[in-house]
Amino acid sequence: RIGELTHLEVRFAQGRPDGGPQRLEPSWGGGALFDLGVHALAVALLLAAPARVVAVEADLAAGDDLDVDDDASVTLTFDTGLRARVRASWRAAAPTWDAQAASATSAVRLELVPDPSVELNGAALKAPAAPPDIASPQLHHLGYIGQIASLAADTAAGRAPRVSPEFGRLLLDIVCAAYAAARTGEPEGVPFAGPRDRTPHELWRGAG
């Protein structure tokens, strides 16, 4: 609603994931960009829509005790000329998930974690309150309840959902392109034209 975007930045930063050491191993498929960054990339694509990603650049880094990436910076080039930056990191002491977008006339800032908030041109907007009978307010504020409700409505109406298997495949294309770009230092096109039998980590490290 603010018009064509001229700036877009999304950042998802937190500590290393729970769930066992296997998520920190190459066998998981990738590191922070693959595990956390895919959600930040999804936010960027939805904020920039209907613009489409045509190329990806990326810079990945691994901690001294890791082989997988724990810090990633990705630049998405859209068909409108917009260049958006997406950051995914496991190096933060406390979780911070935020996004900011601007057009020629307006700016929006969104914080999802730790406390959800939205600002338009520096003024706070009132977000809908979470329903009182849910297990956690985050289920509402992070959109899970709304997503399920939208999926149910689309299914009942026979519509294709906005967040579809095709959207998931596009995200995987972008992730693979980012890991390949981090290895070569050159932009990678989207859809990804590289090998389909490599994990994102292998595309980065040149293994397999």
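Tyr179 is buried, and Trp204 is buried too (buried is under 20% relative accessible area, exposed over 50% and partly exposed in between, with a 1.4 Å probe and protein chains only). The rings of these two residues have centres 6.5 Å apart and planes at 65°, so Tyr179 and Trp204 make an edge-to-face pair. For the record, rings of Phe, Tyr and Trp (its six-membered ring) pair if their centres lie within 6.5 Å, and planes under 30 degrees apart count as stacked, over 60 as edge-to-face and the rest as tilted. Tyr179 belongs to helix H4 and Trp204 to helix H5 (residues 200-205), so the contact ties together parts 25 residues apart in sequence. Helices (H or I, at least four residues) and strands (E, at least two) are DSSP runs, numbered from the N terminus.

A word on the model and its numbering. The model is predicted, so local features need pLDDT of at least 70 and side-chain atom pairs count only at pLDDT 80 or more, while totals for chains, interfaces and linings use all residues. Residues are numbered from 1 along each chain as its sequence is written, and side-chain values use heavy atoms, with hydrogens and water left out.

The search of the whole structure turns up two aromatic pairs. Besides Tyr179 and Trp204, there is Phe12 with Trp97, whose ring centres are 4.5 Å apart with planes at 5°, so this pair is stacked. Phe12 lies in strand E1 (residues 7-13) and Trp97 in strand E5, 85 residues apart, so to speak a link between distant parts of the chain. Nine strands form an open sheet with mixed pairing, in the order E8-E7-E6-E5-E1-E4-E3-E2-E9. Two strands pair if DSSP finds at least two bridges between them. At the edges are strand E8 (123-125) and strand E9 (188-189), each pairing on one side only. E1 and E5 run antiparallel and are joined by seven bridges, with Arg11 opposite Asp98 in E5. On E1's pairing with E4, the two strands run parallel and share five bridges; here Glu9 stands opposite Arg85 in E4.

Five of the seven residues of E5 are buried, so the rest of the structure largely encloses this strand. E5 also pairs with E6, in the antiparallel sense, over six bridges, and Ala99 has Leu110 in E6 as its bridge partner. A hairpin of four residues connects E5 to E6.

Strand E3 (residues 71-78) is likewise largely enclosed by the rest of the structure, because seven of its eight residues are buried. Eight bridges pair E3 with strand E2 (residues 53-61) in the antiparallel sense, and Ala58 is found opposite Val74 in E3. E3 also pairs antiparallel with strand E4 (residues 83-89), over seven bridges, where Asp71 stands opposite Ser89 in E4. E3 and E4 form a hairpin with four residues between them, and Gly81 in the turn has a positive phi of about 95°.

The largest pocket holds about 1900 Å³ of space. Of its 47 lining residues, Val43, Leu46, Leu110, Leu142 and Gly143 are the closest to the centre. The pocket search uses a 1 Å grid over the protein atoms alone: a cavity is a set of points where a 1.4 Å probe fits but cannot get out, a pocket is an open set with protein on both sides within 12 Å along at least five of seven lines, and lining residues have an atom within 4 Å of a point. Grid points are joined across faces, edges and corners, and a volume is the space filled by probe spheres set on the points.

Several elements each supply at least two residues of the largest pocket's lining, including helix H1 (32-48), strand E5 (96-102), strand E6 (107-113) and helix H4 (165-184). H1 gives the most, with seven residues. By class, this lining has 30 nonpolar, eleven polar and six charged residues (Ala, Val, Leu, Ile, Met, Phe, Trp, Tyr, Cys and Pro count as nonpolar, Asp, Glu, Lys and Arg as charged, and the others, Gly among them, as polar).

The second largest pocket has a volume of about 210 Å³. H1 and H4 are the elements that give two or more residues to its lining. Among the residues lining the second largest pocket are Leu45, Leu46, Arg52, Phe167 and Leu170. Its lining counts ten nonpolar, no polar and one charged residues.
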